[in-house]
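Here is a short walk through a protein model. Take a look at it first, then read on.

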Protein chains: 2
Amino acid sequence: MTDPLPQGAIIGILGGGQLGRMLSAAASRLGFRCHIYEPFAAPAGDVAHSLTTAPYEDEAALRAFAASVDVITYEFENVPTSALDLLESLRPIRPNRRALAVSQDRISEKTFLNDLGLATAPWRAVNSEADLAAAVTALGLPAILKTTRLGYDGKGQVKLTSAADIPAAWRAMADAPSVLEGFVSFDREVSVIAARGLDGSVSAYDPGENVHREGILRTTTVPARLSPGQRSDAVLLTARVLTALDYVGVMGVELFVTPQGLLVNEIAPRVHNSGHWTQQGCTVDQFEQHIRAVAGLPLGDGSRYADVVMENLIGEDVARVPELLRARDTAVHLYGKGAPRPGRKMGHVNRVNRG
Amino acid sequence: MTDPLPQGAIIGILGGGQLGRMLSAAASRLGFRCHIYEPFAAPAGDVAHSLTTAPYEDEAALRAFAASVDVITYEFENVPTSALDLLESLRPIRPNRRALAVSQDRISEKTFLNDLGLATAPWRAVNSEADLAAAVTALGLPAILKTTRLGYDGKGQVKLTSAADIPAAWRAMADAPSVLEGFVSFDREVSVIAARGLDGSVSAYDPGENVHREGILRTTTVPARLSPGQRSDAVLLTARVLTALDYVGVMGVELFVTPQGLLVNEIAPRVHNSGHWTQQGCTVDQFEQHIRAVAGLPLGDGSRYADVVMENLIGEDVARVPELLRARDTAVHLYGKGAPRPGRKMGHVNRVNRG
């Protein structure tokens with residue numbers, strides 16, 4: 001299927017969080033409908049044509065979902081392989097399975113990136129406490145031990161600062177295959193949000209500069225403080241990743257800016273929190289760009305027309321919403337979630353500086 | 001009920017066309033859910049939490065709808081009085097009934113405006129062919145005969161250019177109460193989209209200049225060609241209308257710019273086609289501004305930051321969509337309707353000029 005989807009076509013989205021919610025709203029702007037598949041409570045279902053609430057192990061629900069849609073995409077990359085195998089036999093999945101497989105596993109991801117000639121932090125696979133001790137010897141300390149799968153927002157990670165941390169760090173992994181990443185001394189962290197269309201064309205947004213706290217993204221600022229050469233390197237390496245994966249859709253690529261050049265931290269095969277600024281900084285934002293790609297439409301104008309600071313509203317940050325709603329040049333985005341909890345992403349705000 | 005609606009609250013929308021669709025998407029950005037009530041096919045249902053498909057005469061459906069929502073608004077002003085009476089007894093309706101009553105009937109509307117000291121085209125009520133003949137004598141020709149209710153997009157209107165047109169014109173009204181409007185020689189037509197919050201604050205968007213063809217809006221251009229005095233007059237008279245009606249929500253006020261000053265053509269108690277440019281020209285667009293007002297939130301920053309030309313995509317205009325999707329500084333909005341028909345609004349496009 002390579003023709004553009006017609007008006008009224010249905011895009012299936014695996015995952016029903018805020019990313020799915022914003023994808024569905026963007027799809028509506030282009031005349032499409034969305035069907036959300038989500039095992040748990042789903043903010044995206046509030047703004048979708050239909051919602052399936054079922055586990056990823058429910059074969060009948062997956063079959064019915066696939067039968068009701070024209071194409072499948074995802075806002076959540078940790079969908080079980082068995083579900084993807086079934087869905088892929090029934091409908092096209094965009095971005096493709098390879099992008100998912102690569103990004104679902106930190107070792108596959110780093111191997112893919114290194115094979116492409118892209119630098120990452122030094123790393124070693126760890127499958128036992130003895131492996132961990134050897135990896136610590138090889139990479140030095142401090143270092144970070146992470147499960148190879150399912151970690152996000154700082155979960156499934158332990159920082160080691162001395163050899164005495166080794167036993168507890170390994171216990172924290174609960175025997176899951178893991179990877180030790182050597183410490184990288186970086187000046188800043190940036191990300192490139194880029195899209196690749198079904199026709200192979202690539203469009204990258206201007207890189208954003210990210211600040212994390214406790215493993216959670218707090219702010220993204222555009223433009224990032226990068227030299228012209230760094231900016232160009234960041235965009236070009238992202239395009240290489242997309243093309244190597246024959247990728248269709250939007251990807252987020254997180255990079256460390258170091259004195260030795262750019263290192264790839266991780267890739268996310270979906271719209272990305274650090275791309276939310278595009279809602280107020282570009283004519284076509286990352287959500288619409290993803291839907292265009294998945295639907296086989298041409299990519300749109302993603303050039304940046306304003307400086308933006310995106311700030312996540314996490315937990316009790318929502319108490320500031322009444323004041324933010326009144327602020328000039330400030331767009332507030334709320335996800336319709338229930339009570340705020342520490343670490344829970346409740347919304348975000350884009351502050352625009354038109355200079 | 002004057003407290004702001006909480007996250008996850010449900011806003012009921014009467015009418016399920018493209019205006020409801022864009023309202024629902026805007027509501028999702030603020031963390032609200034929408035329930036659409038529409039007797040016919042409803043593009044808005046594709047992007048809403050729930051959809052009731054039932055006639056406005058179905059009392060049980062209306063009661064269930066009201067019971068499921070926190071507040072009721074509308075994107076379509078010709079909802080039958082009986083339905084509104086029932087709904088109003090169950091939930092707040094914003095904007096209020098008076099705004100609807102005034103705008104549903106051209107004679108009520110003109111009387112309200114004239115009583116407020118605002119100029120309109122000269123007019124006479126017409127309830128018979130004899131009335132029409134007398135009105136033609138009083139106002140001269142050319143003139144336009146319109147039904148007092150239910151006309152839109154040029155429907156229910158006949159232009160008279162000679163006395164010989166009187167019998168056919170009256171027959172075309174099918175005995176419906178009508179109004180003859182005298183011909184106005186105007187330089188241009190502009191509209192002001194403005195919002196009034198639950199706290200009484202008013203925020204007006206910069207006036208747009210409208211071009212109609214065959215009674216259907218084709219383009220809105222901002223800024224409109226107005227002198228500073230005309231711009232200020234347009235905004236101030238709009239604020240007077242909103243305040244006089246104790247209005248809550250967004251209203252569109254269409255004005256004729258004449259050598260003698262501004263005449264009010266009509267008021268629409270809802271988001272308005274000529275306000276679609278705000279999606280690409282303002283931080284908070286008319287859809288979000290309406291939802292903010294209806295939900296009791298503070299109005300947002302509606303200042304214009306770019307020049308925009310909004311063009312409706314009508315009927316076969318959609319054939320240009322592939323090219324428009326590729327254009328720079330161009331945002332395409334499609335409504336997900338089926339086959340294009342002559343005169344059917346299929347979408348719109350906002351072309352931005354950032355100067």
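**From the whole chain to its rings**

Of the 355 residues of chain A, 58% count as buried. Keep in mind that this is a predicted model.

Chain A holds 11 helices and 17 strands. Its radius of gyration is 20 Å, close to the 20 Å that the globule rule gives for 355 residues, so chain A is as compact as a globular protein of that length. The C-alpha trace spans about 60 × 55 × 40 Å along its principal axes. Now take the contacts in chain A between residues at least 6 apart in sequence: 61% of them join residues at least 24 apart.

Next, the surface. Chain A exposes about 13100 Å², and carbon and sulfur atoms supply 53% of that area. The chain carries 35 positive and 39 negative side chains. The centres of these two sets lie 4 Å apart.

Now the rings. Over all chains, the structure holds 11 aromatic pairs. In one of them, A:Y37 and A:F65, the ring centres are 5.2 Å apart and the planes stand at 70°, so the pair is edge-to-face. A:Y37 sits in strand β2 and A:F65 in helix α2, so the pair ties together parts 28 residues apart in sequence. Both A:Y37 and A:F65 are buried.

B:Y205 lies in the loop between β10 and β11, B:W277 in the loop between β14 and α9, and 72 residues separate them. B:Y205 has 2% relative accessibility, so it counts as buried. B:W277, at 1%, counts as buried too.

Back in chain A, A:Y37 and A:F65 belong to one aromatic cluster with A:Y56 and A:F76.

Technical notes:
Residues numbered from 1 in each chain as written. Chains lettered and ligands numbered in written order. Predicted model: local features only at pLDDT ≥ 70, side-chain atom pairs only at ≥ 80, totals over all residues. Heavy atoms only, no water. Helix = DSSP H or I, 4+ residues; strand = E, 2+ residues; numbered from the N terminus. Rg over C-alpha atoms; globule rule 2.2 N^0.38 Å. Buried < 20%, exposed > 50% of the residue type's maximum accessible area, 1.4 Å probe, protein only. Contact = heavy atoms within 4.5 Å. Areas by Shrake-Rupley, 256 points an atom, 1.4 Å probe, with all protein chains shown as cover. Lys, Arg positive; Asp, Glu negative; His and termini not counted. Charge placed at Lys NZ, Arg CZ, Asp CG, Glu CD. Phe/Tyr/Trp six-rings, centres within 6.5 Å; stacked < 30°, edge-to-face > 60°.
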